Amino acid sequence: MDFTLTEEHKLIRDAARDFADSELLPGVIERDNKQQFPKELVKKMGDLGFLGIMVDPKYGGSGMDTISYILIMEELSKIDASASVIVSVNNSLVCYGLERFGNEEQKQKYLTKLATGEFLGAFCLSEPEAGSDATSQRTTAIKKGDHYILNGTKNWITSGGRADVYLVIAQTDKHKGSHGINAFIVEKGTPGFDIGPKEDKLGIRGSDTHTLQFNDVKVPKANRIGEDGAGFRFAMKTLSGGRIGIAAQALGIAAGAYELALKYSKERKAFGTEICNHQAIAFKLADMYVDIEAARHLVMKAAWDKDQGNNYDVSSAVAKLFASKVAMEHTVEAVQIHGGNGFVKEYHVERLMRDAKITQIYEGTSEIQKIVISRNLIKE
């Protein structure tokens, strides 16, 4: 086992860290307060290749591996999880889904623009009654000659108001269950496609989250991804990779909170010495460090599995389950270490605590990860 990053990986990590510190950090509190989408910063991330990290260069991507992806995600998430989730969705769910399952025409038309940041993508699976239960799609796509008629509602869609391209999962034949589900490419501005108001969220407030309505939306057959009935497999495989991205996001949130807490503990004095010298604080820091290191190794293992061509369904679920738990627990501890200052926005840790919670919910709740893991244990 070799845990050493290559020189290339270190350069990629450092580039992401520099961008986060110089570009994301200024204004991050204001963007959170105002729920302001980081439009110009997204463009800069596209210019750096962060929106098509793993996409083949022939489609405009950076051609990096999954290890590079999680290193970028961790560094961005230490500073601004709203920005990092935009990167995660565009990479893991949209670009990966199109590159792995789309045909050449779809790749040339959409993937080339998504990978460079010219377009932004959204992944549309969740519904009011089909979040964790992805097989219960109420959105329908009825075939009519050379096109489909799409009707339904999608909820909690990241970049829902800002995306140019939407990958929409819909039920074509309910009698076939999961085999009657398809995935479609829908362009913004298509007649009948309406975007609802932005959600007012606890965390990741700089990321746009919307409900989408499809009312007799005409989608060309050419915009169906894969063979008829392949939509559920498309969604599940895409989400497995997405969980690696969110696990890395959770890791970054936890690591960012730890770094702030460690720094503060060396500056703040109480009872005649820096608070890091008090065992009550020192032990908190030790627990944070251990759990974050463990989470980092699990996230790396899932990324390595993907790069090696191994099945990463379980390792990605394990990584997301544990990293999101660590993020939630230790951002709370970071606030505690900061004391009263932890409750104040300018110290950043309260925002990281709010951002951490969503990592236990989206791209499969923690309960869903346990289902994935336990089913595989029982099968063995």
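User: Which helix gives the most to the lining of the largest pocket?
Analyst: This is a predicted model, where local features need pLDDT of at least 70 and side-chain atom pairs 80 or more, while totals for chains, interfaces and linings use all residues. Residues count from 1 along each chain as its sequence is written, and side-chain values use heavy atoms, leaving out hydrogens and water. Several elements supply at least two lining residues each, including helix H5 (81-101), strand E3 (147-158) and helix H9 (313-338). With eight residues, the top giver is H7.

User: How many residues line the largest pocket?
Analyst: Picture an open set of points on a 1 Å grid where a 1.4 Å probe fits, with protein on both sides within 12 Å along at least five of seven lines; lining residues have an atom within 4 Å of a point. Closest to the centre of the largest pocket are Leu125, Leu239, Arg243, Glu363 and Gly364.

User: Now His210: is it buried or exposed?
Analyst: His210 sits in strand E7, residues 209-220. The side chain of His210 reaches the backbone oxygen of Pro197 at 3.5 Å. Because its relative accessibility is 8%, and the cut-off is under 20%, His210 counts as buried.

Technical notes. Helices (H or I, at least four residues) and strands (E, at least two) are DSSP runs, numbered from the N terminus. Buried means under 20% relative accessible area, exposed over 50%, partly exposed in between (1.4 Å probe, protein chains only). A polar contact is a pair of N or O atoms within 3.5 Å; within protein, one must be able to donate a hydrogen and the other to accept it, and residues adjacent in sequence count only if both atoms are side-chain atoms.
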